[in-house]
Amino acid sequence: MKINAKCKLIFILCSTTLAVVLQKPIWLAVLFAIVVLMCLLSQINWVKTVKSIWLLVIAILFMSIMQSVFTKKGEIIFTFFALKITDYGLNMAVNFFIRMLVLIFSASIVATSTMSEMADALVGFKIPYKMAFMTVIAVKFLPLFRQEFKDRKIALKLRLQGNKITCFKKFYALIYLLTPTVSGCIIKSKQVAMSLESRAFGLYNKRVSIACKKLNFGEWLLNILFLSLTILTIVLYYI
């Protein structure tokens with residue numbers, strides 16, 4: 001099932017809005033289930049997605065545990081030596097963890113569309129094409145930055161192969177790798193800027209696309225359904 005990029009952007013807008021508004025774990029759990037269902041319909045690459053976010057999920061889980069431990073408000077429901085976990089702290093930790101999962105998996109839906117499709121979708125929402133292109137380029141540079149850092153890390157390992165390095169030196173080396181990584185990304189950004197300038201990008205206020213995919217009747221209904229359910233959920237939640 002091929003979902004239009006405009007529908008994906010509307011869904012991401014609705015899901016992230018509800019993730020911020022909703023404050024109860026049950027409501028957030030239902031929202032997360034809907035986001036996972038949308039990920040299935042969008043046919044995301046689960047193996048690649050899990051590999052790229054598992055460290056982030058562990059970090060979020062650790063922060064959630066710390067939040068539950070150091071929140072003293074509420075009634076104590078569990079005690080472990082000097083650590084006391086309250087019902088309010090546990091509720092806040094669960095809310096934070098599910099909310100971050102919703103944001104992460106909502107963002108992963110973008111990866112199922114090409115950069116040109118996302119740019120056309122943003123332009124279709126009457127966003128200036130320069131701003132839409134800048135947004136797409138910024139998203140594209142995130143994996144580029146990661147690849148640059150990974151390549152330099154491998155090169156450093158090959159140079160230091162066979163030498164014993166302390167944990168402090170490893171940490172210092174990772175910080176030291178940031179400078180060439182950032183410089184490499186800056187060089188590539190300059191190359192992109194020169195390429196755009198040579199093609200007279202931004203010369204006119206309007207830009208004509210070769211292929212502009214419009215929403216069909218079913219996709220219009222899907223967008224209306226997303227927006228209506230979002231508004232209805234907010235109204236029911238605060239009644």
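## Overall make-up

Helices (H or I, at least four residues) and strands (E, at least two) are DSSP runs, numbered from the N terminus. On that basis the chain reads α-α-α-β-β-α-α-α-α-α-α along its sequence, with nine helices and two strands. This is a predicted model, in which local features need pLDDT of at least 70 and side-chain atom pairs count only at pLDDT 80 or more, while totals for chains, interfaces and linings use all residues. Residues are numbered from 1 along each chain as its sequence is written, and side-chain values use heavy atoms, with hydrogens and water left out.

Of the 239 residues in the protein, 28% are buried (buried is under 20% relative accessible area, exposed over 50%, partly exposed in between; 1.4 Å probe, protein chains only). The protein exposes about 16700 Å², of which carbon and sulfur atoms supply 72%; accessible areas come from the Shrake-Rupley method with a 1.4 Å probe, and for residues only the protein chains shown count as cover. Among contacts (heavy atoms within 4.5 Å) with a separation of 6 or more, 75% join residues 24 or more positions apart.

## Nonpolar cores

A nonpolar core is a set of buried Ala, Val, Leu, Ile, Met, Phe, Trp, Tyr and Cys residues joined through side-chain atoms within 4.5 Å. The largest one has 26 residues, and Leu31 and Val35 have the most contacts inside it. At least two residues of this core come from each of α1 (5–21), α2 (25–42), α3 (46–70), α4 (87–108) and α9 (217–238). The largest share, seven residues, is from α1.

Leaving aside neighbours within four places in sequence, leucine 31 is in contact with Ser15, Leu18, Ala19, Leu22 and Val102. A second, separate core has eight residues, including Ala5, Leu9, Ala121 and Leu122.

## Helix α6

Helix α6 (residues 129–159) has 31 residues, and at 1.5 Å a residue it should span 45 Å, which agrees with end C-alpha atoms 45 Å apart. The expected span is 1.5 Å times one less than the number of residues. Buried positions in α6 are Tyr129, Ala132, Val136, Phe141 and Glu148. The buried residues of this helix pack against α5 (115–124) and α8 (178–198).

## Contacts around asparagine 95

Asparagine 95 lies in helix α4 and is buried, with a relative accessible area of 1%. Not counting residues up to four places away in sequence, asparagine 95 touches Gln23, Lys24, Pro25 and Leu28.

Glutamine 23 sits in the loop between α1 and α2 and is partly exposed at 36% relative accessibility. With the sequence neighbours up to four places away left out, glutamine 23 touches Asn91, Asn95, Arg99 and Tyr237. Its C-alpha atom is 9.1 Å from that of asparagine 91, 68 residues apart in sequence.

Proline 25, in helix α2, is partly exposed at 24% relative accessibility. Under the same exclusion of residues up to four places away, proline 25 touches Asn91, Val94, Asn95 and Ile98.
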